[in-house]
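Open your viewer and get ready to select a few charged side chains.

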Amino acid sequence: MLRIDQLNVTYGGLQALDGISIDVKAGEFVAVVGPNGAGKTTLFKSISGTVIPWRGTMLFDGVDLATLAAYERPHLGIAHVPEGRKVFSGMTVFENLEMGASTEEGRRRWNDTLDLLFTMFPRLKDRRDQYAGTLSGGEQQMLAIGRGLASAPKLLMLDEPSMGLSPSMTDVIFDAVAKIHKEQGLTILLVEQRVAEALENCDHAYVLETGRVVLQGSLEELSSDDRVRRAYLGL
Amino acid sequence: MIFVEQALQTLVAGLSVGCIYGLLCVGLALIFGIMRVINFAQGDLMMVGMYVAIFVASFVLPPAVFGVATPFIAALLVVPVMFIFGYLLSWVLISRTAGLKAASLTEGDAHQAQLILSLGLALILQNGAHILLGSSPAAMISPLSSSAWEVPLLIDDFSAIFFNKARTVNAVICVVISVVLFWFIQKTRIGKSLRAAASNSEAAIYMGINVSKAHNIAFALGTAIAGIAGGLLVIYYPVQPHVGVDFVIIMYAGVVLGGMGSIVGAFWGGMTIGLVQQLSTLFVPIQLQNTAIFVVFLFVLLIKPEGFFGRTVERA
């Protein structure tokens with residue numbers, strides 16, 4: 001579904017991504033883990049088009065993403081839930097979700113999606129007419145994910161959904177994501193610093209360090225790797 | 001009794017001026033609220049609207065057909081003209097200093113570029129109008145601006161207040177436009193997309209919203225509103241190329257008073273300024289009416305620094 005080949009991104013001469021190749025197949029749950037500054041968010045922004053790569057190709061369902069402007073890419077079925085949530089704070093919860101459904105597919109499936117979202121996150125239903133800026137961090141993350149799902153995407157990209165959340169709220173969010181993946185069969189690309197939780201549910205993972213893929217494989221392969229066990233899982 | 005009559009008459013004048021100021025402030029607030037662009041050319045865009053209205057009324061609309069409605073129809077026709085003008089301005093010029101192109105700059109740097117650009121635009125519009133149209137004031141003659149509806153006060157036999165017909169119709173049009181615009185921004189999908197782009201342009205892009213286009217539409221709408229407000233104003237206020245300078249200060253005061261970024265607030269901010277400007281003449285010499293505006297302005301900000309409708313929904 002998403003094939004990234006030899007992606008290079010530089011910020012004013014500083015190499016942020018150095019020849020990254022990533023493959024996400026339809027229906028897969030793929031995690032990209034790594035420490036701060038590894039280039040995880042840059043990778044996501046390149047896919048979404050808010051960062052322009054210097055070299056490399058990105059194909060989504062066979063479409064070369066470089067030929068599309070950033071705002072056109074969600075209409076292909078890519079939903080990006082950004083780091084730090086970035087909800088529309090002066091708009092209500094409901095309006096935020098409506099904005100998520102800006103894509104044609106999202107508008108077509110609006111009623112079904114809304115039912116699904118409100119069943120999955122009843123708190124959003126309770127607060128549907130409240131300004132998003134007044135929600136707690138966890139609720140904002142639910143809203144950000146809900147807003148992404150409202151576009152009825154083929155690929156859901158989550159950029160550090162656990163950021164700034166309590167451990168119990170993080171569990172709630174990760175459970176929800178795992179459930180979406182299992183029940184909807186939605187393809188998920190997750191970026192996380194919390195490696196243990198991220199690896200728990202994924203089919204395939206990439207370990208990023210200073211802009212390079214240093215390791216990749218299935219959950220079993222990674223969790224039996226000594227480097228991962230020592231550096232990330234604390235075993 | 002004479003004082004009561006005078007006070008009511010001044011109140012009527014204040015309300016009618018306030019409606020026009022309110023509309024002008026709404027146009028500016030729209031541009032600031034959605035694009036975060038500080039536009040110093042807003043008064044001059046109003047001036048262009050005034051000239052366009054005169055042009056349309058004198059050369060496009062046959063007075064024999066539209067009669068006394070001619071100036072008002074001319075003002076309405078300013079909207080599409082100025083919308084297109086504003087869209088082009090934003091697309092060709094303003095967008096280079098705003099939104100994504102300026103995303104790599106810090107907020108301060110981007111604002112400096114916008115300030116200089118909009119000041120330059122203001123100078124070009126003023127001096128361009130000067131070269132093309134000369135410096136002598138022009139006016140739209142309407143029979144309605146010299147006639148009034150008389151409403152008797154029932155306190156005695158001879159007291160009455162007068163509603164200037166042109167100003168009253170103007171005020172009603174201003175309120176209607178402000179309400180329609182507010183509805184558009186709050187309730188329609190395009191309006192909501194504009195707000196989303198204003199709230200977080202990066203996230204708006206991830207929703208598939210064309211943020212550059214949203215900015216162009218916002219600027220075009222703001223320009224069109226400055227234009228129609230000018231078109232209505234010129235029915236009783238003569239235009240010359242530098243007329244915008246006085247108004248842009250009033251517009252900024254109104255927008256700040258109402259709370260930066262709030263469209264409803266901007267209308268009430270403009271209304272407050274209109275009322276203060278007119279009512280102050282009851283107590284202080286007329287030369288001091290603009291001083292009175294800023295005394296009230298400072299006083300309000302001292303008590304409520306975020307303005308009447310300043311946003312306080314943000315959670316830290």
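**A tour of the salt bridges**

Start by selecting R127(A): its relative accessible area is 28%, so this residue is partly exposed. Keep in mind that you are looking at a predicted model.

The side chains of R127(A) and E139(A) form a salt bridge, at 2.9 Å from N to O. This pair ties together distant parts of the chain, 12 residues apart: R127(A) sits in the loop between α5 (122-126) and α6 (137-149) of chain A, and E139(A) in helix α6 of chain A. Is E139(A) buried or exposed? With a relative accessible area of 4%, E139(A) is buried.

Next, select E105(A) and R109(A). Their side chains meet in a salt bridge too, at 3.0 Å from N to O. E105(A) has 29% relative accessibility and is partly exposed; R109(A), at 37%, is also partly exposed.

Now bring chain B into view and pick E202(B) together with K45(A). Here the salt bridge spans 3.9 Å, N to O. E202(B) belongs to helix α8 (residues 201-206) of chain B and K45(A) to helix α1 (residues 40-48) of chain A, so this pair joins two chains. E202(B) counts as buried because its relative accessibility, 18%, is under 20%. K45(A), at 24%, counts as partly exposed.

For a last stop, select R3(A), D23(A) and K25(A), which are linked in a network of salt bridges. How many salt bridges are there over all chains? The count comes to 15.

Key:
Residues numbered from 1 in each chain as written. Chains lettered and ligands numbered in written order. Predicted model: local features only at pLDDT ≥ 70, side-chain atom pairs only at ≥ 80, totals over all residues. Heavy atoms only, no water. Salt bridge = Lys/Arg side-chain N within 4 Å of Asp/Glu carboxyl O. Helix = DSSP H or I, 4+ residues; strand = E, 2+ residues; numbered from the N terminus. Buried < 20%, exposed > 50% of the residue type's maximum accessible area, 1.4 Å probe, protein only.
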